[in-house]
Amino acid sequence: MIARIWRASATPQGADGYERHFTEAVLPSLRGVAGHRGAYLLRRDTGGRVEIEVMTLWDSMDAIRRFAGEDPATAVVEPAAQAVLLGYDTTVTHHTVSVSDGDLQ
């Protein structure tokens with residue numbers, strides 16, 4: 001399994017807006033991609049600013065390409081997400097999940 005990780009920052013209100021976007025648009029879209037195994041939205045409030053981290057789980061790099069396109073290192077950040085964020089990474093990192101205690105198999 002491969003974890004795809006992306007980071008962004010927002011105001012508290014922007015982070016709330018991104019959470020709505022993630023729940024209403026991103027998750028339904030991901031569920032339709034063959035090889036998608038799950039997703040996590042993490043947030044860390046730091047005194048007026050929120051750090052956001054998204055981790056999606058995939059069967060393979062081919063599955064990631066079905067979602068992200070031919071350059072899997074490029075972040076997929078829709079205009080609705082861009083509008084509520086202060087800043088965001090334009091690239092992602094990919095990590096092989098070597099040990100998991102979760103129910104994803």
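## Close-up views of a charged network and a nonpolar core

At 37% relative accessibility, E19 counts as partly exposed, a class that lies between buried (under 20% relative accessible area) and exposed (over 50%), computed with a 1.4 Å probe on protein chains only. The model is predicted, so that local features need pLDDT of at least 70 and side-chain atom pairs count only at pLDDT 80 or more, whereas totals for chains, interfaces and linings use all residues. Residues are numbered from 1 along each chain as its sequence is written, and side-chain values use heavy atoms, with hydrogens and water left out.

**View A. E19 and R43 form a salt bridge.** The closest N and O atoms of this pair are 3.9 Å apart, where a salt bridge requires a side-chain nitrogen of Lys or Arg within 4 Å of a carboxyl oxygen of Asp or Glu. Because E19 lies in helix α1 and R43 in strand β2, the pair ties together parts that are 24 residues apart in sequence; helices (H or I, at least four residues) and strands (E, at least two) are DSSP runs numbered from the N terminus. R43 is itself partly exposed, at 35% relative accessibility.

**View B. R43 also pairs with D16.** Their side chains meet in a salt bridge with an N to O distance of 2.9 Å, which links R43 in strand β2 (residues 36-45) to D16 in helix α1 (residues 12-31), 27 residues apart. D16 has a relative accessible area of 35% and is partly exposed.

**View C. D45 and R43 meet in a salt bridge.** The N to O distance here is 3.3 Å, and salt bridges that share partners join D16, E19, R43 and D45 into one network. By the same rule, the count comes to seven salt bridges.

**View D. The largest nonpolar core has 23 residues.** Such a core is a set of buried Ala, Val, Leu, Ile, Met, Phe, Trp, Tyr and Cys residues joined through side-chain atoms within 4.5 Å. W6, Y18, I52 and L85 have the most contacts inside this core. Two or more residues each come from β1 (2-10), α1, β3 (50-58) and α2 (61-68), and α1 gives the largest share, six residues.

**View E. Y18 touches W6, L41, I52, V54, A81, V84 and L85.** Residues up to four places away in sequence are not counted, and contact means heavy atoms within 4.5 Å.
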